[in-house]
Every structure is written in structure tokens, then in C-alpha cells.
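Work through the exercises below with the structure open beside you. Try each task before you read its solution.

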Amino acid sequence: MQSSDDRYAAILRRLTPGDKLAVAHSLWETAWSVTAAGVRLREPLLAEDEVTARVRAIFLRAVT
Amino acid sequence: MVTGSIAAMAYGEPRLTTDIDVVIVLSEDTISGIVAGFDATEFYVPPREVMVIEGRRQLHGHFNLIHVATALKADLYPAGVDPLHRWALKNRQAITVGTERVWVAPPEYVILRKLQYLRDGASDKHRADIRAMLESLGERLDRGTLLNEIEAVGLAREWASIGSGPKSAEAPAVQERDPLFREAAKICIQNQQGSTSLLQRKLKVGYGRAARIIDQLHLAGVLGPPDASKPRDVLAGLEDLDRICGPK
């Protein structure tokens, strides 16, 4: 029996190229939000524009 | 022409990325278009002189554009005289994203580049990208062209490692062979030809599996390289089976 990961991958592979890129963009948005949440957790006194600047710096160095 | 992870996603599965790789034919006009099209208050755009210098490189030219607010990055690779770039540009494919038509490198090119990255020690993500592309594309992949290029640029070892992830350096191909590999080798030797149709008929397997076995037989030295639509030459004899496949 296929694992749920395999079944999910099979569904993703059947998407159109445009829809796959839309999923990738949504992954990017999620990653940005999670990274920002991590920055806020570590440094709760940062202003929002400073949080954004930290996330931007992290993403600029990210290897994907 | 888009390549790299974005092209791999279009052909395979979506994953997280923060950059887009683009192969471009760089001219004075293209450079002017980049300068005019990317507002310097929103994007990092290299000085025109840098783009000119990178565009003059025959091989390995490269520069970036970066969207400052999101840190999304485009890696631009001038085509130069790289014959693989030229082949890919000639065979690029159009895909639709929303209402836009986007030129994407052919999947064979994307796979070859990722195999090169693997050879150069890059991360395992390229192996996962290739696997997803192979799963998605099936018979739409031009395996003849791909295998010819793999052989020409010496990437057979990396190609053999795609089957089931990182393996010991000594015998990756043996561990990844199809369970019917030995039987298939015997059939090809006895019939003095190697083709997917022969294996489909004799082994009662589908096209995809037969094509994979043919690739494995080629990499193991049982069959010669693809030759248009003709069956492949057989390069081994029955006496070689134990050496190639290991004892029964």
C-alpha cells in the first residue's frame, strides 16, 4: 500500500505546470511567515519592519 | 528560458525555492531591456558593465537580479558558446502560468544540469528533483537524447545513483537494478538485440519499466548506446552474465 506521502506526491505531479508553481509560491509564503514567527519569538521587542529586514536577510542567504 | 528548480517543478513536483535560474541570449538590447524593466528602487540590478563582461564570457557567465523586498533572486546565465545551452534554447518548451506563456528548458537539459551539480557535490535535492521529473514525465522524456548526453559528458555514475538515493561508492548501479535485470540481459543476449518492445513482450512488463531496464543494461555494458529507432547492439555474451549481474 502506498504511503500518504507517495499519494500526496502523485497528486502534486498531476497538477499543471502553472498550478505546481502556484503551490511552490504558497510554500514560499509559508516559509516566510514561519521564519518571521521564529524571529519574533527570539526577539519580541523588534518592530515589524525590523522583523521583515531579518527575514529578508535570512532568505537572501538561504540555499534552496 | 527558465531552468533549474523552477523548471524541475514544472516537470516534476513543487518544492520550496527562493531563486529562479534563467538562460539568456545576452545582447546590448537585452541588457537595455533589463535596465529598463527592473526599477532600481525595487530590484538590485548589476551595473551595465558587469552584464556586458558576463555576457562576453564564452562559458559560465553569470549575474543576479534581486527583488529587494522579498529577497527573491534570479540567477541569469548568458548562453555563451555552451553547446548544451544552445541545444536547450533550440528545444525549449512553452508552458502557461496564469495568462503568461513562459519558455522553459527541455527536461533532458534540466536533468543533465542537475546530474552535473550532483557530480560537483551539490545537495541531494537535485536527486529528488530528477526522480520526481522521471516519475511525472514517463514516456514524454527523450531518453535516447538524455542517455547519449549522459554518456558524452561522463555522468553515468550520477545517473545510476538516481534510482534509490545515495549509495556506497563501490556498487551503486548493482543495488538499483530491476529484479528482472538478469533475465532481461539473458533475453537480449539470446536474441542479439536490445529493445523495449522485446522486453515488454518477453517479460510482460510495461513500457516505462522496460525502458528503465534497457537504460540499466546500457550502463552495465550489456547493450550499446541508442541508435535512432533501431534495436541496440548487444555487447556481452552469456558467459559475462555472472560478472555483470553477480552470481545467481
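**Exercise 1: strand pairing**

Task: How many bridges join S4(B) to strand S5 (residues 72–78) of chain B, and do the strands run parallel or antiparallel?

Solution. Step 1: 5 bridges join S4(B) to S5(B), and the two strands run antiparallel. Strands pair if DSSP finds at least two bridges between them. Strands (E, at least two residues) and helices (H or I, at least four) are DSSP runs, numbered from the N terminus. This is a predicted model: local features need pLDDT of at least 70, side-chain atom pairs count only at pLDDT 80 or more, and totals for chains, interfaces and linings use all residues. Residues are numbered from 1 along each chain as its sequence is written, while chains are lettered from A and ligands numbered from 1 in the order in which they are written.

Step 1: Pick one pair. B:Asn64 has B:Asp75 in S5(B) as its bridge partner.

Step 2: Look at the turn. S4(B) and S5(B) form a hairpin with 4 residues between them. B:Ala71 in that turn has a positive phi of about 65°.

Step 3: Find the other neighbour. Strand S3 (residues 43–44) of chain B is joined to S4 (residues 63–67) of chain B by 2 bridges, again antiparallel. B:Tyr44 stands opposite B:Ile66 in S4(B).

**Exercise 2: two helices**

Task: At what angle do the axes of helix H5 (residues 107–119) of chain B and helix H7 (residues 143–152) of chain B cross?

Solution. Step 1: The axes cross at roughly 25° and come within 10 Å. Axes are lines fitted to C-alpha atoms, for helices over the stretch in contact; angles run from 0 to 180 degrees between N-to-C directions.

Step 1: Classify the angle. H5(B) and H7(B) are therefore roughly parallel to each other (under 35 degrees; over 145 is roughly antiparallel, 65 to 115 roughly perpendicular, the rest oblique).

Step 2: List the contact (C-beta atoms, placed from the backbone, within 7 Å). H5(B) gives B:Glu108, B:Ile111, B:Leu112 and B:Leu115. H7(B) gives B:Thr145, B:Leu146, B:Glu149 and B:Ile150.

Definitions and conventions: Two residues are in contact if their C-beta atoms, placed from the backbone, lie within 7 Å.
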